Amino acid sequence: LDEVELLIAPDVGTSIARESVAEPADLLLWQNSPNPFNGSTTLRFDLPQQDEVDLAIYNLAGQKVVTIMRGPLAAGSHVMHWDGLDRLGGELASGVYFYRLQTRSQSQSRPLLLLH
């Protein structure tokens with residue numbers, strides 16, 4: 001959770017708010033936004049520690065249609081964007097898809113709705 005610390009500057013008598021953001025305690029995959037979407041959507045996730053990640057989109061048959069990101073990432077919050085295209089740059093049909101975030105030890109997935 002975020003904490004706000006109130007500091008008093010003694011020589012000027014004013015208060016300064018400083019926000020301290022802690023690293024996330026658990027892997028967390030947020031719901032994409034907007035959802036449903038047409039054109040592009042934002043995928044957000046939090047990593048509690050540096051890890052190898054694989055973020056991909058799957059169709060309802062469980063087939064991977066595109067890899068959004070694969071490789072090492074630092075701990076913290078991350079934002080990725082998806083344009084609704086498959087791995088060859090083709091437009092996908094309207095429908096329900098799933099995005100899955102997998103690390104070396106955990107996996108989470110969420111549905112998203114692509115509308116044309």
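A residue is called buried here when its relative accessible area is under 20%, exposed when over 50%, and partly exposed in between (1.4 Å probe, protein chains only). Tryptophan 82, at 2% relative accessibility, therefore counts as buried, and tyrosine 97, at 7%, does so as well. The model is predicted, so local features need pLDDT of at least 70 and side-chain atom pairs count only at pLDDT 80 or more, whereas totals for chains, interfaces and linings use all residues. Residues are numbered from 1 along each chain as its sequence is written, and side-chain values use heavy atoms, with hydrogens and water left out.

Two aromatic pairs were counted, taking rings of Phe, Tyr and Trp (its six-membered ring) with centres within 6.5 Å; planes under 30 degrees apart are stacked, over 60 edge-to-face and the rest tilted. The rings of tryptophan 82 and tyrosine 97 have centres 6.4 Å apart and planes at 70°, so this pair is edge-to-face. Ring pairs also draw Phe37 into a cluster with Trp82 and Tyr97.

Leucine 112 touches (heavy atoms within 4.5 Å) residues including Phe37, Trp82 and Tyr97, not counting residues up to four places away in sequence.

Finally, the charged end of arginine 44 sits over the ring of tryptophan 30, 4.2 Å from its centre; the criterion is NZ of Lys or CZ of Arg within 6 Å of the ring centre and within 35 degrees of the ring normal.
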